[in-house]
Amino acid sequence: MILVAHSFYLRRDGKQFERSRPYAPLATLLAAAILREQGHAVALFDATFEPCVESFTTCLQAEAPKVVLLIEDNFNYLTKMCTEDRRADALHMVAAARRAGARVAVNGPDASDNPRLYLDAGADAVMTGEGELGAAAIVDALERGLPLDKVPGLILCDGQGGLRHTPPRLQHQALDALPFPAWDLVDAQAYRETWTRAHGRLSWNMAASRGCPYACNWCAKPTFGRRYTQRSAASIAEEMARLKHAVAPDHVWFADDIFGMTEDWIAAFAEEVLRRDACIPFMMQSRANLITEPVAAALARAGAEEVWLGVESGSQRILDAMDKGTQIESVRTATRTLRRHGIRSGWFLQLGYPPEDWEDILLTRDLLRDERPDEIGVSVSYPLPGTVFHARVVAELGARRNWRDTDELAMLFQGTFDTAFYRLVRDALHADVDTGMVDELRWHDLAQRADAHRSASPLRMELRA
Ligand code: SF4
């Protein structure tokens with residue numbers, strides 16, 4: 001028996017628990033489907049609704065697996081955040097599996113960034129890249145007692161206190177050949193109840209591609225790298241048609257960094273879903289520069305309800321500092337184009353990216369006031385290993401390098417303002433969007449705080465003198 005698992009316990013993350021928008025662990029379910037296709041007996045530990053990590057121990061006793069694969073859902077942006085609580089749970093699970101006598105392999109961005117932690121906790125190997133695509137090879141080696149150094153894409157202990165990398169796994173391009181995720185292994189009813197209780201409908205996740213070819217310099221790409229590999233439009237439409245029968249969600253979230261990428265693919269996707277009567281209203285992520293008139297028209301035909309854009313900032317100099325590769329003007333055009341086609345827009349915004357100052361924050365606020373997106377998601381800049389941004393601020397990082405949970409929004413480097421100030425700005429931006437009203441009093445108070453902060457900053461006092 002192979003036990004596949006992930007470490008996201010919804011109750012452990014206050015913000016996500018409150019949001020009540022849990023998604024099934026897509027990469028974990030793909031790994032299960034791939035292993036089944038190879039003839040393995042597979043069980044799933046879906047941590048999502050479990051009360052705490054102790055329930056994993058109960059599962060180990062019940063399943064008595066020979067091999068445990070902890071494969072985090074690399075398609076979900078929450079996984080990329082590598083929070084401290086989640087790491088603690090994952091390490092606890094590794095140690096419990098080892099104590100239960102199983103061989104253990106781990107995959108996820110945090111394990112790739114900090115392999116020593118996971119190997120010390122008892123893992124036999126850390127699987128780099130797309131864990132589901134390496135699952136069959138490592139299971140085969142573990143079951144047959146073969147040395148792991150012949151399995152590509154692993155990080156192992158070298159037996160002398162160091163680490164050893166096996167050769168990289170070849171990138172898998174034929175995504176259409178993969179099975180559909182093993183949806184039957186999760187308790188779809190539990191997802192349905194959680195979603196409908198909070199939002200009146202069930203949303204489910206899919207992924208049409210892997211990776212992103214753009215180079216925003218704070219964006220970590222520990223799993224897919226800087227590439228874009230896409231499934232065919234027909235394969236995605238077919239998965240939607242099967243999903244309609246197997247799970248019957250009311251809504252789909254395409255978890256791709258960028259869904260579609262080209263006009264031709266999106267037009268083909270629209271035709272394929274219509275031909276199969278497979279339309280399910282959906283939400284997706286894209287970039288402002290990719291939203292053209294024909295793209296928005298095809299997305300609307302295919303059932304797009306909401307498109308999230310990585311807008312980040314209303315200040316062009318900040319976008320340029322991020323190597324974002326977009327112009328403020330294209331954000332305006334994309335938002336208006338989506339609206340003309342009846343598609344809601346969501347903006348991801350980021351506060352604190354150097355050298356952002358108060359005037360840049362005001363430009364972001366004013367862009368919001370001008371264009372009025374339907375929703376926003378606000379974060380502060382989060383230096384993740386392997387990025388240009390991380391390299392720029394690494395000297396300023398303290399002992400803490402990760403957020404405790406997804407709501408912490410802590411400044412981990414020396415920003416222009418502090419965490420408390422950015423939280424107030426986040427709240428003010430949300431208040432503007434949520435109420436559709438401008439709370440001038442709140443912004444006036446923020447301006448005064450910004451000014452006070454400037455006066456108090458030793459560096460600025462030095463410059464003024
Ligand atoms: S477009 Fe999005 S996914 Fe791609 S590099 Fe930029 S932030 Fe990352």
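This is a predicted model: local features need pLDDT of at least 70, side-chain atom pairs count only at pLDDT 80 or more; totals for chains, interfaces and linings use all residues.
The domain assignment divides the chain into domain 1, covering 2–165, and domain 2, covering 201–464. The C-alpha centres of domain 1 and domain 2 are 28 Å apart, and the contact draws on 27 residues from domain 1 and 27 residues from domain 2.

The size of an interface is often expressed as the accessible area that is lost when the parts come together. Between domain 1 and domain 2 about 2,400 Å² is buried, with 55% of it on carbon and sulfur atoms. On the side of domain 1, Y23, F75 and K80 together supply 27% of the area buried against domain 2, which is more than any other three residues supply.

Elsewhere in the description of charged pairs, the side chains of R400 and E84 meet in a salt bridge with an N to O distance of 3.2 Å.

D73 is found in the loop between β3 (67–71) and α4 (77–80). With a relative accessible area of 6%, D73 is buried, because the cut-off for a buried residue is under 20%.

Leaving aside residues up to four places away in sequence, D73 touches A24, P25, L26, A27 and T28, and it also touches T79, R86 and N205. The C-alpha atoms of D73 and S203 are separated by 16 Å, although the two residues stand 130 residues apart along the chain.

Strand β12 is formed by residues 282–286, and five of its five residues are buried, so the strand is largely enclosed by the rest of the structure. F282, M284 and S286 point one way from β12, while M283 and Q285 point the other way, and all of them are buried.

On one pairing, strand β11 (residues 251–254) is joined to β12 by two bridges, and these strands run parallel; here W253 has M283 of β12 as its bridge partner. Together with helix α11 (residues 263–275), β11 and β12 make a right-handed β-α-β unit.

Methods: Residues are numbered from 1 along each chain as its sequence is written. Side-chain values use heavy atoms; hydrogens and water are left out. Buried means under 20% relative accessible area, exposed over 50%, partly exposed in between (1.4 Å probe, protein chains only). Helices (H or I, at least four residues) and strands (E, at least two) are DSSP runs, numbered from the N terminus. Two strands pair if DSSP finds at least two bridges between them. A crossover is right-handed if, with the strands pointing away from the viewer, the path from the first strand over the helix to the second runs clockwise. Domain bounds come from an automatic or database domain assignment. Contact means heavy atoms within 4.5 Å. Buried area is the accessible area (1.4 Å probe) that two parts lose on being put together, summed over both. A salt bridge is a side-chain nitrogen of Lys or Arg within 4 Å of a carboxyl oxygen of Asp or Glu.
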